[in-house]
Every structure is written in structure tokens, then in C-alpha cells.
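This briefing covers salt bridges and a pocket. Please look at the sequence and the model first.

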Amino acid sequence: MSRLPAVLRPRLLVHLLKVARFYSYAHVEPRRRMSAGPGLRMSPTASLRNGERISLGHDVHVGERSCLWAGDSTGRIVLGDNALLAPEVFITASNYGTRHGVPIMDQPKVERDVVIGSDVWLGARVVVLPGVTVGDGAVVGAGSVVSRSLPAGCIAVGSPARVVGWRAGLDGHHDDAR
């Protein structure tokens, strides 16, 4: 057994340096490049890619272990004012192609903007795919996969997410479920 205290062991120190490097790559640097309105609350465990193509409105909340992955060249992610992302939400504006005979890692990327409206709540572990728009005031239930755009004021759940109700008073609807 080593006589060094655990915090001074070389393997632990190397691991801590790797964690710090990854944190800078996945959070600190992209956050500096993104645009955000006042009142942003973002978990320090959130992961970002290509921050220059991420735009957040005012009073946005990004939960623990959420990922906002904008495209490498064109795909943007835009969140409106008062958007609420629960823990482990994953939003991506980029996906790999699937041509036969070409390894996945060599496929050209398909990038399409993702727009999340104002006053939207994405529940825990929601996945939002490229090209999707989620209308103002929508609520997406935990664990849903949003592969198509959703209208304003809707309540959507499932994989793929589908509309199951409407928020009272939004988009002309007065009941909470249909």
C-alpha cells in the first residue's frame, strides 16, 4: 500500500487533470462562445458543443447533465425566454448520415436548426433531434423523443413525441387534455 495520501497519488492527479481538461472543452469554452440573455441558470455539469451556434433567451434554466450539441458548421440551437430544461435533456442540431458502404464515422453530417420556443418545459431525459421546432408554451414529458415539430401550447409525450393535450389558455385551447 502506498504511503502517499490518496489525493497525492499520481494516477488520481492524472485523472483529475483529464477531468479538468474535458470540463473546459465541454462547458467552459463553448459557454464563452454562446449568446445568452440575463438570468441564465446553467448546471456546471451541462455539456455544450459549438457554443457559437447556441443562443439562449433570458431566464433560461439548463438542468444537470443536459447536452446542447450544435452542429459543426451550420446547425444552430435557439432557446426562447424562460425555457426550462430538466436534468439530462439532450438537444442536437447534427446527425450522421446513413449511406450504405460508408462507415458511420465517415458519413457526412446532416445539420438542421433546432428552435425551442419561449416558456417551454422539456422534462427529464427528453431528446430533441435536428430540424425540430417546439412552439411557445409547449410541455414535453419526461423521456420523450421529439423527432418532429410540436405546436405552441401543446403537451406532448412518447417516442416519438405526440400531442396528448393542451395547456389551458394557450393557442386558443381551454382544456388540459383531449
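Predicted model: local features only at pLDDT ≥ 70, side-chain atom pairs only at ≥ 80, totals over all residues.

Residues are numbered from 1 along each chain as its sequence is written, and side-chain values use heavy atoms, with hydrogens and water left out.

**Salt bridges**

- The structure holds 7 salt bridges, a salt bridge being a side-chain nitrogen of Lys or Arg within 4 Å of a carboxyl oxygen of Asp or Glu.
- Glu52 pairs with Arg33 in a salt bridge whose closest N and O atoms are 2.9 Å apart.
- Helices (H or I, at least four residues) and strands (E, at least two) are DSSP runs, numbered from the N terminus.
- Arg33, Glu52 and Arg53 are linked in a network of salt bridges.
- Arg125 and Glu88 form a salt bridge, with 2.3 Å between the closest N and O atoms. The pair links distant parts of the chain, 37 residues apart: Arg125 is in the loop between strand E13 (121–122) and strand E14 (127–128), and Glu88 is in the loop between strand E8 (84–85) and strand E9 (90–92).
- Asp119 forms a salt bridge with Arg167, the closest N and O atoms lying 3.0 Å apart.

**Exposure of the paired residues**

- Glu52 is partly exposed at 40% relative accessibility, and Arg33 is partly exposed at 44%. Buried means under 20% relative accessible area, exposed over 50%, and partly exposed in between (1.4 Å probe, protein chains only).
- Arg125 counts as exposed at 54%, whereas Glu88 is partly exposed at 23%.
- Asp119 is partly exposed at 39%, and Arg167 is partly exposed at 26%.

**Largest pocket**

- The largest pocket has a volume of about 180 Å³. On a 1 Å grid over the protein atoms alone, a pocket is an open set of points where a 1.4 Å probe fits, with protein on both sides within 12 Å along at least five of seven lines; lining residues have an atom within 4 Å of a point.
- Residues lining the largest pocket include Arg49, Trp69, Asp72, Phe90, Tyr96 and Lys109.
- Strand E10 (94–96) and E9 each give two or more residues to this lining, and E10 gives the most, with 3 residues.

Notes. Points joined across faces, edges and corners; volume = space filled by probe spheres on them.
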